[in-house]
Amino acid sequence: MPKILNATKVITGKNTRWSYANVWDPKSINGGAPKYSVSLIIPKSDTATIEKINAAIRAAYEEGESKLKGNGKTVPPLESLKTPLRDGDLERPDDEAYHDSYFINANSSSAPGIVDANCQPILDRSEVYSGVYGRASINLYAFNSNGNKGIACGLNNLQKIRDGEPLGGKSSAEDDFATEDEDDFLD
């Protein structure tokens, strides 16, 4: 059976880095409904993924024209709408992880499937953290709620490809206790 092409779905490249990875337990943002979420950091050099995301944004815009029109007489131009692909150099200039990258925030009310490079489910929560590299299955869609209109990004599934330096500045237990220096302890 041939695969049906979904123009609003994108699988990111394997060098996409995950940040703010809330993928095991949903979190509420500003009192909203709890959601699973991740910020996907995409190197600007990954032009194939960037082109796929831009094409999916256009497809979501075309599919969602009636939603975007709402009660108005015309559909606002895509350029005037909020879109999810953002420039890390402009929006996060002080965060080295976002340097020379674009990023897109994806979320979902249902838990994403999470697999390793061999497509085996990852069950150990410590294997998935902010800083790992992997691919993400996302879908773009139009929204029009409470006067806000634009294109949003839904999170489908995640595939961890390789470990990366943890983001967020938290040290590991192994690093904290790697030395035998006991000067910090009271005798």
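Colleague: What share of contacts with a separation of 6 or more comes from residues 24 or more positions apart?
Modeller: In this predicted model, such residues account for 69% of those contacts.

Colleague: How many helices and strands are there, and in which order do they run?
Modeller: The protein has 4 helices and 8 strands. Starting at the N terminus, the order is β-β-β-α-α-β-α-β-β-β-β-α.

Colleague: How much of the protein is buried?
Modeller: Of its 187 residues, 36% count as buried.

Colleague: Turning to α1, which of its residues are buried?
Modeller: They are Thr-49, Ile-50, Ile-53, Ala-56, Ile-57, Ala-59, Ala-60 and Tyr-61.

Colleague: What do those buried residues pack against?
Modeller: Their partners are strands β1 (9–11), β3 (35–43), β5 (101–108), β7 (133–145) and β8 (148–162), together with helix α2 (65–69).

Colleague: What span should α1 have at 1.5 Å a residue?
Modeller: Its 17 residues, 47–63, should span 24 Å, and the end C-alpha atoms are 24 Å apart, so the two values agree.

Colleague: Which polar partners does its side chain have?
Modeller: The Gln-159 side chain makes a polar contact of 2.8 Å with the side chain of Arg-135. The Gln-159 side chain also reaches the backbone oxygen of Asp-116 at 3.3 Å.

Colleague: Which residues does Gln-159 touch, leaving out those up to four places away in sequence?
Modeller: Gln-159 touches Trp-18, Val-115, Asp-116, Ala-117, Cys-119, Tyr-133, Gly-134 and Arg-135.

Methods:
Residues numbered from 1 in each chain as written. Predicted model: local features only at pLDDT ≥ 70, side-chain atom pairs only at ≥ 80, totals over all residues. Heavy atoms only, no water. Helix = DSSP H or I, 4+ residues; strand = E, 2+ residues; numbered from the N terminus. Buried < 20%, exposed > 50% of the residue type's maximum accessible area, 1.4 Å probe, protein only. Contact = heavy atoms within 4.5 Å. Expected span 1.5 Å × (residues − 1). Polar contact = N/O pair within 3.5 Å; in protein donor to acceptor, adjacent residues only side chain to side chain.
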